[in-house]
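Thanks for taking a look at this one with me.

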Amino acid sequence: MKVIGLTGGIGSGKSTVASFFAELGIPVYTADLEAKKLYVTSKVVQKKIIALLGKEAYKGGELNRGYIAKRIFGNDALLQQVNAIIHPKVRAHFKRWLKKQQAPYCIKEAAILFENKGHLECDQMILVTAPEDVRIERLKKRDHATLEEIKERMRHQWPDEKKIPLADYLIENKNLNDTKKQVLQIHKMLLKR
């Protein structure tokens with residue numbers, strides 16, 4: 001089965017685009033969602049995160065997201081160490097998931113597919129883009145984040161200019177009706193290949 005990577009900067013609308021593919025009957029693996037689950041369900045991950053970030057990393061058995069974000073988003077070395085703990089587990093989980101799928105192709109959605117070289121494990125790549133001001137407004141509403149927090153998160157992702165040459169398909173996500181049409185066009189092309 002073909003694996004189509006789906007990525008885009010924070011607030012670009014990756015999840016919305018993924019949901020449009022799911023509506024077309026295409027299996028979608030959301031790597032970021034699975035990572036969130038593994039932080040809680042994997043005892044190995046929990047032990048490593050606590051060893052790295054301290055007991056405050058978990059609160060009542062749940063991941064203390066605010067604490068972790070404050071620790072890692074200003075510290076590239078810590079961020080890389082956290083990624084080194086979780087990404088191999090997510091990759092292994094994806095491989096198990098993939099074996100169970102039956103479709104012409106599947107979508108693997110992840111925020112940093114290019115940054116962590118995950119795109120090399122995909123047959124083709126879709127990049128979702130949106131103007132920065134639109135992304136910032138979406139994140140303010142969704143995450144109730146400050147402009148400073150949003151800019152810090154964006155800093156840890158490659159800019160679109162660096163990702164566009166690596167993408168096979170580009171979806172500009174400004175208007176939902178147009179986005180849905182772009183998804184349908186890409187879906188038809190993928191079915192022909």
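Leaving aside its neighbours within four places in sequence, which residues is Tyr39 in contact with? Keep in mind that this is a predicted model, where local features need pLDDT of at least 70, side-chain atom pairs count only at pLDDT 80 or more, and totals for chains, interfaces and linings use all residues. Residues are numbered from 1 along each chain as its sequence is written, and side-chain values use heavy atoms, with hydrogens and water left out.

1. Contacts of Tyr39. With those sequence neighbours set aside, Tyr39 is in contact with Val45, Gln46, Ile49, Tyr58, Leu63, Val82 and Ile86 (contact means heavy atoms within 4.5 Å).

2. The largest core. Tyr39, Ile49 and Leu53 touch the most other members of the largest nonpolar core, which has 28 residues. Such a core is a set of buried Ala, Val, Leu, Ile, Met, Phe, Trp, Tyr and Cys residues joined through side-chain atoms within 4.5 Å; buried means under 20% relative accessible area, exposed over 50%, and partly exposed in between, with a 1.4 Å probe and protein chains only. At least two residues of this core come from each of helix H2 (31-41), helix H3 (43-53), helix H4 (65-72) and helix H5 (76-99). Helices (H or I, at least four residues) and strands (E, at least two) are DSSP runs, numbered from the N terminus. The top contributor is H5, with eight residues.

3. The second core. A separate core of 16 residues includes Leu6, Ala18, Tyr105 and Ile126.

4. Val45, Gln46, Ile49 and Leu53 are the buried residues to look at in H3. They lie on the same side of H3, because their arc around the axis is only 100° (taken from the directions from the helix axis to the C-beta atoms). Their cover includes H2, strand S3 (58-59), H4 and H5. On the face turned away from the buried side, you will find the exposed residues Lys43, Lys47 and Ala51. Just after H3, Gly54 has a positive phi of about 95°.

5. Strand S1. Six of the seven residues of S1 (residues 2-8) are buried, so this strand is largely enclosed by the rest of the structure. S1 pairs in the parallel sense with strand S5 (residues 105-109) over five bridges, and Val3 stands opposite Cys106 there. Pairing requires at least two DSSP bridges between the strands. Five bridges also join S1 to strand S6 (residues 124-129), again parallel, with Ile4 opposite Gln124.

6. Cysteines. The whole structure has zero disulfides (cysteine sulfur atoms within 2.5 Å). The sulfur of Cys122 is 8.2 Å from the closest cysteine sulfur, in Cys106, too far for a bond. Cys106 is buried at 0% relative accessible area, and Cys122 is buried at 12%.
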